[in-house]
Amino acid sequence: CSPDIATDQDRHSQSLLVEALRQLDPAAEILAEEEGVDLPQGSTYWVIDPIDGTNNFVNGLPIWAINVGYVVEGIMMVAVTLAPQLGEQWQAVRGQGAWTTSGSLHVSSRSLRMASLGLTIQPRHFGRLRVLHIDALLQKIRCTRILGSMAVELAWCAQGLIDLWIGGGHYWDHGPGSLLVEE
């Protein structure tokens, strides 16, 4: 699997999202996966991952999502993660909580021994010290899940379906989901 594949659907979806979001706030800049990695210079911007989990999408696995966030003065204020094939949508507004199509979200309160871990760091990005820390954690938890979509993993963490999450990547991958978990 190539780590940076993009499909025509990624680009088309992003184009539609950019067009719609520009109507909501024409002054806001865009930070989107298919545009590059330069952080916007303005005080407000949209964060867009048109298809988070492209490898899953391309292979017909339903665990992928559209990830959108709205940032003001460097702080994620609104987040929406939509998993169309799962029939789920998660939303958060800073200071007002987080919810899904089935109600409000609550992170898990299971003990570490009973925890399941969402892991979205590719092994080639592990440093030696990080591997030792992750290995020590893995020895203490019940199971590890590698689902292929940071957006879905973070949404499920916010929902309490995954207890812990370790990941990396770009802001469009984890920024909106981080607000879901925080709220």
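Me: What order do the seven strands take in the open sheet?

Reply: The order is β1-β2-β3-β4-β5-β6-β7, with mixed pairing. The edge strands, β1 (29-32) and β7 (103-104), each pair on one side only. Strands here are DSSP E runs of at least two residues, helices are H or I runs of at least four, and both are numbered from the N terminus. Two strands pair if DSSP finds at least two bridges between them.

Me: How many bridges join β6 and β7, and in which sense?

Reply: Two bridges, in the antiparallel sense. W99 has S104 in β7 as its bridge partner.

Me: Which strands does helix α1 touch?

Reply: α1 (residues 8-24) packs on the sheet against β1, β2 and β3, and its direction makes about 155 degrees with that of β2. That angle is between N-to-C directions on a 0 to 180 degrees scale, using lines fitted to C-alpha atoms, for helices over the stretch in contact. Touching, or contact, means heavy atoms within 4.5 Å.

Me: Before I go on, what kind of model is this?

Reply: This is a predicted model: local features need pLDDT of at least 70 and side-chain atom pairs count only at pLDDT 80 or more, while totals for chains, interfaces and linings use all residues. Residues are numbered from 1 along each chain as its sequence is written, and side-chain values use heavy atoms, leaving out hydrogens and water.

Me: OK, T100. Where does T100 sit, buried or exposed?

Reply: T100 is in strand β6 (residues 97-100), and T100 is buried, at 8% relative accessible area. The cut-offs are under 20% for buried, over 50% for exposed and partly exposed in between, with a 1.4 Å probe and protein chains only.

Me: What does the T100 side chain make a polar contact with?

Reply: The side chain of E88, at 2.8 Å. A polar contact is a pair of N or O atoms within 3.5 Å; within protein, one must be able to donate a hydrogen and the other to accept it, and residues adjacent in sequence count only if both atoms are side-chain atoms. Beyond four places in sequence, T100 also touches residues including W90, L105 and Q159.

Me: Switching topic: which residues touch the most others in the largest nonpolar core?

Reply: V47, W90, A92, L105, V152, W156 and L180, out of 24 residues. A nonpolar core is a set of buried Ala, Val, Leu, Ile, Met, Phe, Trp, Tyr and Cys residues joined through side-chain atoms within 4.5 Å. α4 gives the most, six residues.
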